[in-house]
Amino acid sequence: MAFRKILKGTLVGGGAAATIFGVSQFFEYRKNQARLAEAQGELQMPFKDALPTREEQLSALRNTEEFDVLVVGGGATGSGCALDAATRNLKTALVERSDFSSGTSSRSTKLIHGGVRYLQKAIMKLDYEQYMMVKEALHERANLLEIAPHLSAPLPIMLPVYKWWQMPYYWAGIKMYDLVAGAQCLKSSYILSKNKALELFPMLKRDKLVGAIVYYDGQHNDSRMNLAIALTAARHGAAVANYTEVVHLLKKTDPKTGQEKVCGARCRDAVTGQEFDVRAKCVINATGPFTDSLRKMDNQKTANICQPSAGVHIVIPGYYSPDNMGLLDPATSDGRVIFFLPWEKMTIAGTTDTPTEVTAHPIPMEEDINFILSEVRNYLSPDVEVRRGDVLAAWSGIRPLVTDPNSKDTQSICRNHIVNVSSSGMITIAGGKWTTYRSMAEETIDAAVKAHSLPAGPSRTVGLMLEGGKDWTPTLYIRLVQDYGLENEVAQHLAATYGGRAFEVAKMAKVTGKRWPIVGKRLVSEFPYIESEVQYAIKEYACTAIDVIARRTRLGFLNVQAADEALPRIVEIMARELQWSEEKQKEELEAAKTFLYMEMGYKARSEQLSKTTEISLSPPEVARYKKRFYKFDKESKGFITTLDVQRVLEKLSLQIDENALHEILNEVDLNKNGQVELDEFLQLMSAVRRGQISDSRLAILMKTAEEGLDLRGPVSVDRSGGGV
């Protein structure tokens with residue numbers, strides 16, 4: 001009863017504050033909208049219908065006498081800078097040494113948020129700077145949801161409460177989050193009883209649960225969002241090129257001051273190896289974790305400002321979370337925050353925060369994966385067995401925390417972003433967060449205009465629709481089904497990925513030869529990605545197989561085994577479109593497999609199995625698994641090959657494609673000698689029993705064959721969810 005009175009008082013007081021604060025926020029919002037309507041005007045879009053090809057973009061870079069702005073870095077911030085500059089009618093260029101969004105921008109938590117924990121710190125420490133940072137991020141959250149509705153959506157996130165006193169404390173904090181958002185609040189937060197919380201999130205730990213609070217933030221497809229920003233910049237006339245590396249900066253002496261000024265960059269096309277100069281009045285360094293590399297190209301004596309931190313995420317099957325409800329762990333065992341979110345019909349969990357070295361190829365470490373799994377177990381019901389083997393993919397992203405070179409205390413981490421103009425005129429934008437990319441870009445171009453006297457007006461990117469957003473509607477997928485004969489799931493995926501451009505992908509889809517679907521051959525059976533997306537990816541400047549599995553589709557981030565299976569067909573399609581030689585196809589296949597192995601968690605999985613030197617099986621279990629093994633190893637050789645498996649399957653009148661069979665055995669063949677030894681099989685079964693590996697196709701196949709399921713139809717070797 002006492003708790004209810006406290007809560008009621010808090011609610012009444014909070015409601016009055018909300019009314020006053022909300023009215024003031026509403027008038028501020030209306031004032032902003034009026035200002036923006038005046039600034040927007042009619043924007044020209046030179047490439048409204050067809051994007052320039054990559055070759056045409058490179059030609060523009062080579063042949064343009066001088067650009068107003070050259071942006072180095074094709075992540076969210078760099079692409080945002082290019083879009084902001086291009087829409088101010090500045091002659092704009094952007095170069096990226098790898099692919100758009102190949103770094104941190106594709107490896108985020110997939111949230112568009114203001115930062116609940118930052119607001120908590122702002123209130124507890126009476127920190128106005130942090131408060132303004134949250135306020136800015138919430139404004140940008142609303143804008144991003146508006147300009148790319150196909151790639152983003154509001155997501156309810158549950159904060160479970162296990163102590164009575166925490167309920168009013170957390171509620172006050174979350175309600176303040178709503179109030180700071182003001183008129184741009186997505187949906188009002190609310191309190192749930194214990195029973196209602198379990199109804200909405202049945203996997204939640206029941207013991208000692210008091211209730212829960214649900215608040216709203218945004219979620220997006222980060223690499224596709226980054227790509228949409230870059231493509232929108234290209235449509236507005238920016239010359240953008242991926243796989244174009246800065247070799248060194250160009251400089252000239254200012255006749256007025258005698259100082260050397262940056263006036264462009266020597267670039268190399270990584271695809272052809274050709275080098276050329278790109279001249280510009282202003283060069284912007286938007287290279288994220290590699291900020292210091294470009295700063296040192298400008299001045300070798302410049303002190304480092306980037307302090308990189310690695311954040312690991314894991315993907316586990318979708319059954320670990322409801323379809324439309326996330327979970328926030330506000331205080332992990334080491335004081336960090338972990339999100340547990342539905343994403344692309346899977347579940348994403350993360351992140352960690354560990355100091356690291358700057359690298360273009362960060363690797364998720366086993367200890368980080370296990371830390372996340374351990375924290376997840378703390379919040380889920382004991383009935384839900386959280387298994388290491390259910391990790392379908394894992395990745396590490398490097399967050400570029402920075403110190404402010406303009407500050408007296410150059411050692412302290414800047415909580416927001418910094419914009420710095422060097423003595424040579426190069427502008428560096430560093431730090432910040434995904435959500436605020438647009439406002440960071442605006443501030444950067446403002447600094448460029450001021451420092452270099454560029455002929456430009458105010459930013460025009462608030463409310464500017466991104467690629468695919470303008471013609472998208474929530475029911476667009478129905479037209480795709482009706483007009484083209486696509487599967488419902490595939491149509492929904494295309495609409496959510498390409499927005500109004502989905503029809504272009506559908507037009508390229510090949511006939512399946514089946515009664516239904518009429519068009520749209522899937523790359524792998526359990527994901528809605530289709531072959532025509534590979535062709536369309538090339539129009540979106542995809543140059544490698546990695547670009548397709550990691551950033552045009554998200555297959556590599558969702559399930560590395562599925563991505564590995566899709567690779568041969570992806571390479572085949574790209575080879576046909578780009579005229580790759582046999583040698584080039586082998587290189588692409590090998591590079592993509594290495595990417596999956598090192599950067600997407602396959603390495604951690606294989607090490608997990610190879611480290612299982614102790615076979616923790618009981619004697620009866622060992623005897624049972626040996627019996628199963630020798631049903632295939634009739635000659636008692638001590639190992640089995642694809643021929644042994646085929647022989648047993650033929651007896652059962654079953655057939656499996658030979659290439660698929662090789663892949664199945666290769667998953668377990670630890671020493672890669674083309675055969676599976678008895679010890680390797682027992683290690684596999686021990687790992688399966690302990691939950692380190694789930695749904696091994698070889699284990700399922702051998703168990704199915706042993707049980708003599710020939711009367712029940714073909715042996716199923718599809719994954720039901722696991723894992724790396």
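**Helix packing, burial and backbone geometry**

The axes of helix α18 (residues 560–578) and helix α19 (residues 582–599) cross at roughly 160° and come within 10 Å of each other. At this angle, α18 is therefore roughly antiparallel to α19. The crossing of the two helices is right-handed. On the α18 side, the contact involves V560, A563, D564, L567, P568, V571 and A575, which meet Q585, E588, L589, A592, K593 and L596 of α19. Sorted by class, the residues of this contact comprise nine nonpolar, one polar and three charged.

The model described here is predicted. Its chain contains 25 helices and 20 strands. Of the 724 residues in the chain, 56% count as buried. Among contacts in the chain with a separation of 6 or more, 73% are accounted for by residues 24 or more positions apart. The accessible surface of the chain amounts to about 31,400 Å², and carbon and sulfur atoms contribute 52% of that area.

Helix α3 (residues 76–86) is mostly covered, with eleven of its eleven residues buried. The buried residues are A76, T77, G78, S79, G80, C81, A82, L83, D84, A85 and A86. Both helices and strands surround this segment: the buried residues of α3 pack against the strands β1 (67–72), β2 (92–95), β10 (275–285) and β18 (427–431), and against the helices α8 (222–235) and α11 (437–452).

The crossing in which α3 passes α11 is right-handed. From α3, the residues A76, T77, G80, C81, D84 and A85 take part in the contact, while α11 supplies Y437, M440, A441, E442, T444 and I445. This contact has seven nonpolar, three polar and two charged residues.

A further helix pair is formed by α4 (residues 116–124) and α5 (residues 128–147), whose axes are 8 Å apart and which pack at an angle of about 150°. Because angles over 145 degrees count as roughly antiparallel, this description applies to α4 relative to α5. Here α4 passes α5 in a left-handed crossing. The contact joins Y118, L119, K121 and A122 of α4 to Q130, Y131, M133 and V134 of α5. By class, the residues in this contact are six nonpolar, one polar and one charged.

D368 is located in helix α10 (residues 366–379). With a relative accessible area of 15%, D368 is buried, since buried means under 20%. When residues up to four places away in sequence are not counted, D368 touches V312, T352 and T354.

Two cis peptide bonds were identified in loops. One runs from G350 to T351, with omega near 20°. T351 lies in the loop that connects β14 (346–350) with β15 (354–355). The other runs from W516 to P517 and has omega near -5°. P517 is placed in the loop between α14 (502–508) and α15 (532–539).

S101 has a phi of about 65° and is situated in the loop between β2 and β3 (111–112). The relative accessibility of S101 is 1%, so S101 counts as buried. Y541 has a phi of about 75° and belongs to the loop between α15 and α16 (545–552). At 3% relative accessibility, Y541 likewise counts as buried.

Conventions. Residues are numbered from 1 along each chain as its sequence is written. This is a predicted model: local features need pLDDT of at least 70, side-chain atom pairs count only at pLDDT 80 or more; totals for chains, interfaces and linings use all residues. Side-chain values use heavy atoms; hydrogens and water are left out. Axes are lines fitted to C-alpha atoms, for helices over the stretch in contact, and angles run from 0 to 180 degrees between N-to-C directions. Helices (H or I, at least four residues) and strands (E, at least two) are DSSP runs, numbered from the N terminus. Angles under 35 degrees count as roughly parallel, over 145 as roughly antiparallel, 65 to 115 as roughly perpendicular and the rest as oblique. A crossing is left-handed if the near helix is turned anticlockwise from the far one by less than a right angle, and right-handed if clockwise. Contact means heavy atoms within 4.5 Å. Ala, Val, Leu, Ile, Met, Phe, Trp, Tyr, Cys and Pro count as nonpolar, Asp, Glu, Lys and Arg as charged, and the others, Gly among them, as polar. Buried means under 20% relative accessible area, exposed over 50%, partly exposed in between (1.4 Å probe, protein chains only). Accessible areas come from the Shrake-Rupley method with a 1.4 Å probe; for residues, only the protein chains shown count as cover.
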